[in-house]
Amino acid sequence: MVTFLPRLPGRLADVPSFDRAIGGAESNVACTLARTGHPTRWISRVGTDGFGDHLLAAIADCGVDVRHVRRDPLRPTGVYFRTAGDRATGTHEVAYYRAGSAASAMTAADLDPAALYGGRILHLSGITAALSADCLGLLRELTTRRPGRPLLSFDVNYRPGLWPDTARARVLLDLARGADLVFVGDDEARDAWGLHGPRAIREALPEPHTLVVKQGRAGATVFRRTREPGSSRDDATFVPALAVDLVAATGAGDAFAAGFLSATLRGLPDRARLRHGHLWAAAALTVPGDLAIPPRRPYADRLAALDDPAWERLHLAPGWTDADTSGHRAGEEVPTK
């Protein structure tokens, strides 16, 4: 979607002007991965309107392949407006205008299988499942286990406004069971499925070989099942989140997923995957828009390699990703070992 970000804090009724940007869970992940050097393709559907032109140009400018995005002459590109406040507070407002949008008309029949399955990872979001019956059917098709599909990553992305009936939100649990790698917040699992704590979530989702449970400011836990001859085991790794000077929380979950997926593509261990997720989330938390420029790979690797006490002392402020030649900048409390 095209996103409109307020130039001033306050209620939507009172904000006089907005800046245009881009947003959307899957495109956020694609753009963030592409900015770190990973070949990335975004598959979607937009209108033939000016907003569709803007989305394609902006996403392509991040380095994402948009050649498989369909243009719909009959339906508009989705847009949304939001306030500057934290989504977790009662003052945060979001106004979506995407009913009947081009993206809501996506079906499995009109997507190119070679484009969908040609990469190492296929990343999906539960938000798409809420857009229409066609989109739900598409996600059910894509999360059906079949030989030859790439690693299927699924971010639950539960939004109460999209699922007013929590009984229907159980479909997100069914979709997650068909994935190989699942991202879910413990608050999402509690509100959508009545599950409390990482272990309870893992018991409800035994099928994915990797499950990442995001625990807000506390950190995140990854469960990964490893198979050995004649047996298998489920390893759990927890990494605390970073202290940051918060600017806006929108887009942090997508950035976390992109950081974790980047480290997964590089074959890094679970601890490093979680740390890269936290670092990329910190980049999003310290900018006002949905989409942040992630830290450069050598810089992120250096921070991810800190010992535990140094990691826990790390405090990141706006602009921290623009490291100077010494490897850090003012505003970042660099721990001493």
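Analyst: At 6% relative accessibility, Asn157 counts as buried, where buried means under 20% relative accessible area, exposed over 50% and partly exposed in between, with a 1.4 Å probe and protein chains only. The model is predicted, so local features need pLDDT of at least 70 and side-chain atom pairs count only at pLDDT 80 or more, while totals for chains, interfaces and linings use all residues. Residues are numbered from 1 along each chain as its sequence is written, and side-chain values use heavy atoms, leaving out hydrogens and water.

Asn157 sits in the loop between β8 (151–155) and α6 (170–177); helices (H or I, at least four residues) and strands (E, at least two) are DSSP runs numbered from the N terminus. Its phi is positive, about 50 degrees, although Asn157 is not a glycine. Most residues other than glycine have a negative phi.

The largest nonpolar core has 39 residues, of which Phe154, Leu172 and Trp193 touch the most other members. Such a core is a set of buried Ala, Val, Leu, Ile, Met, Phe, Trp, Tyr and Cys residues joined through side-chain atoms within 4.5 Å. Apart from it lies another core, of 35 residues, among them Val222, Val239, Leu279 and Leu316. Not counting residues up to four places away in sequence, Trp193 has contacts (heavy atoms within 4.5 Å) that include Val156, Leu172 and Leu205.

Thr3, in strand β1 (residues 2–6), is also buried, because its relative accessibility is 0%.
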